[in-house]
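Me: Could you walk me through the side-chain contacts and the sheet in this one? Here it is.

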Amino acid sequence: MTVAASRQLRSSAELISAEEPVLAHNYHPLPVVVARAEGTWVEDVEGRRYLDMLAGYSALNFGHRHPALVEAAHRQLDRLTLTSRAFHNDRLARFAESLAALTGLDMVLPMNTGAEAVESAVKVARKWAYEVKGVAPDRATIVVAADNFHGRTTTIVSFSTDESARAGFGPFTPGFRVVPYNDLAALEAAVDETTAAVLIEPIQGEAGVVIPDDGYLRGVRELTRRTGCLFVADEIQSGLGRTGRTLAVDHEDVVPDVLLLGKALGGGIVPVSAVVARRDVLEVLRPGEHGSTFGGNPLSAAVGSAVVELLETGEFQRRAAELGVVLRGGLAALEGRGVRAFRARGLWAGVDIDPAIGTGRQISERLMREGVLVKDTHGSTIRLAPPLTITGDELRTALGALEKVLVEGA
Ligand SMILES: *Cc1c(COP(=O)(O)O)cnc(C)c1O
């Protein structure tokens with residue numbers, strides 16, 4: 001048997017233990033080894049099938065290998081994959097035009113990962129503060145919310161309030177002020193003449209799908225406009241159909257100055273992120289001041305354009321809204337029967353499990369054995385974020401599995 005063939009025959013258990021000595025231990029995955037996937041379903045190396053109720057933390061909003069996205073990627077792979085921004089490529093203008101139109105903003109800065117989009121927005125907001133607002137050099141501040149998640153770089157973890165994300169990684173980048181989420185008075189107290197921007201998630205995903213009160217996002221919009229600072233909305237997880245609208249800010253008819261997108265923007269195929277902003281904000285960047293070797297590459301642009309085309313149909317937003325009713329109803333029926341509380345919008349829910357039944361991790365492992373993949377967050381909370389292509393029957397299957405696990409215990 002060739003080495004390649006023997007490798008393919010390794011079992012899940014063998015592959016998991018093979019990772020241990022050679023792969024950094026910065027994750028603690030569920031013990032499932034996925035080998036293929038289509039739509040809402042993934043299959044492990046032994047051929048067991050699972051409903052994917054995490055969807056790559058919303059990177060797979062359109063399911064695994066959506067045919068239109070795979071076709072766009074294949075077509076582009078056969079023509080041109082990378083130019084760097086030293087040259088123009090024939091895909092980028094169309095992507096930027098369509099993304100700006102979809103979001104109601106003017107200009108796009110293409111990047112790759114979500115954290116890079118956040119980093120880029122921090123730089124743009126600071127430069128805007130110095131050049132447009134007139135903040136004294138190196139004095140700009142950015143106000144953020146407690147329990148935020150914006151990524152993993154040193155600057156971003158500088159304003160995290162999660163000790164495990166920070167401990168051992170200092171010294172940290174100064175210039176950030178942390179206020180409680182969903183508290184307009186605290187936000188107002190933190191904003192002053194040095195404030196470049198308020199950076200928040202319209203719904204806090206990693207925190208457990210924490211949805212602010214109605215009016216909070218409108219309040220942030222009004223406050224930032226009145227005090228002359230930028231509203232930066234990190235919709236890397238909440239955006240692109242997940243909540244039943246194109247953007248989570250659409251629920252309050254709010255347009256931020258700067259919008260951060262990632263995850264689903266790459267269709268689950270390539271990493272694609274973007275800072276989308278008003279022209280007078282993004283215009284502060286001039287040649288040589290910011291960049292990325294891979295940002296805006298033609299493969300990313302082709303896939304990103306195909307993602308925007310899917311969203312232009314409105315079908316995915318509609319599905320998320322309609323099936324969100326099923327999700328909410330199913331979770332409501334479990335309240336007091338193992339579910340202590342839940343928060344849901346569209347096809348996105350944070351579910352607090354009664355700790356007497358088990359930790360979020362234990363519940364996730366039990367659900368895995370029932371053929372449903374989810375991810376825990378913060379102790380006893382599990383997060384549900386299926387592909388927006390999920391059917392009503394598949395969703396009911398997942399809810400049925402959750403009910404079974406809660407009744408039987410972890
Ligand atoms: C995932 C996420 C990020 C970081 O994205 P990466 O691609 O993992 O760097 C930033 N903000 C939010 C809200 C996210 O959910």
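This is a predicted model: local features need pLDDT of at least 70, side-chain atom pairs count only at pLDDT 80 or more; totals for chains, interfaces and linings use all residues.

Me: How many salt bridges does the structure hold?

Reply: It holds 27, a salt bridge being a side-chain nitrogen of Lys or Arg within 4 Å of a carboxyl oxygen of Asp or Glu.

Me: What's Arg94 bridged to?

Reply: Glu309, with the closest N and O atoms 2.6 Å apart. Arg94 is in helix 5 (residues 92–103) and Glu309 is in helix 12 (residues 298–312), so the pair ties together parts that are 215 residues apart in sequence. Helices here are DSSP runs of H or I with at least four residues, strands are runs of E with at least two, and both are numbered from the N terminus.

Me: Is Arg94 buried or partly exposed?

Reply: Partly exposed, at 40% relative accessibility. Glu309 is partly exposed too, at 42%. The cut-offs are under 20% relative accessible area for buried and over 50% for exposed, with partly exposed in between (1.4 Å probe, protein chains only).

Me: And which residue does Arg48 bridge to?

Reply: Asp44, with 2.8 Å between the closest N and O atoms. Asp44 counts as buried at 2% relative accessibility, whereas Arg48 is partly exposed at 45%.

Me: Which residues are linked in a salt-bridge network?

Reply: Lys127, Glu131, Arg286 and Glu289 are linked that way.

Me: OK, switching to rings. How many aromatic pairs are there?

Reply: The count comes to 3. Rings of Phe, Tyr and Trp (its six-membered ring) pair if their centres lie within 6.5 Å; planes under 30 degrees apart are stacked, over 60 edge-to-face, and the rest tilted. One of the pairs is Phe159 with Phe176, which is tilted, at 4.3 Å centre to centre and 35° between the planes.

Me: Where do Phe159 and Phe176 lie?

Reply: Phe159 is in the loop between helix 7 (154–158) and helix 8 (163–166), and Phe176 is in strand 6 (residues 176–179), so the pair ties together parts 17 residues apart in sequence. Phe159 is buried at 1% relative accessible area, and Phe176 counts as buried at 16%.

Me: What about Tyr181 and Tyr216?

Reply: They form an edge-to-face pair, 5.5 Å centre to centre with 70° between the planes. Tyr181 is buried, and so is Tyr216.

Me: Which ring does the charged end of Arg49 sit over?

Reply: Trp41, 4.6 Å from the ring centre. That label needs NZ of Lys or CZ of Arg within 6 Å of the ring centre and within 35 degrees of the ring normal. Arg166 lies over the face of Phe172, at 4.1 Å from the ring centre.

Me: Now the sheet. What order do the strands come in?

Reply: The order is 4-10-9-8-7-5-6, with 7 strands in an open sheet of mixed pairing. Two strands pair if DSSP finds at least two bridges between them.

Me: Which strands stand at the edges?

Reply: Strand 4 (107–111) and strand 6, each with a single partner strand, so one side of each is left without a neighbour in the sheet.

Me: How do strands 5 and 6 pair?

Reply: Strand 5 (residues 141–145) pairs with strand 6 in the parallel sense over 4 bridges. Phe176 comes up again here, as the bridge partner of Ile142.

How values were computed
Residues are numbered from 1 along each chain as its sequence is written. Side-chain values use heavy atoms; hydrogens and water are left out.
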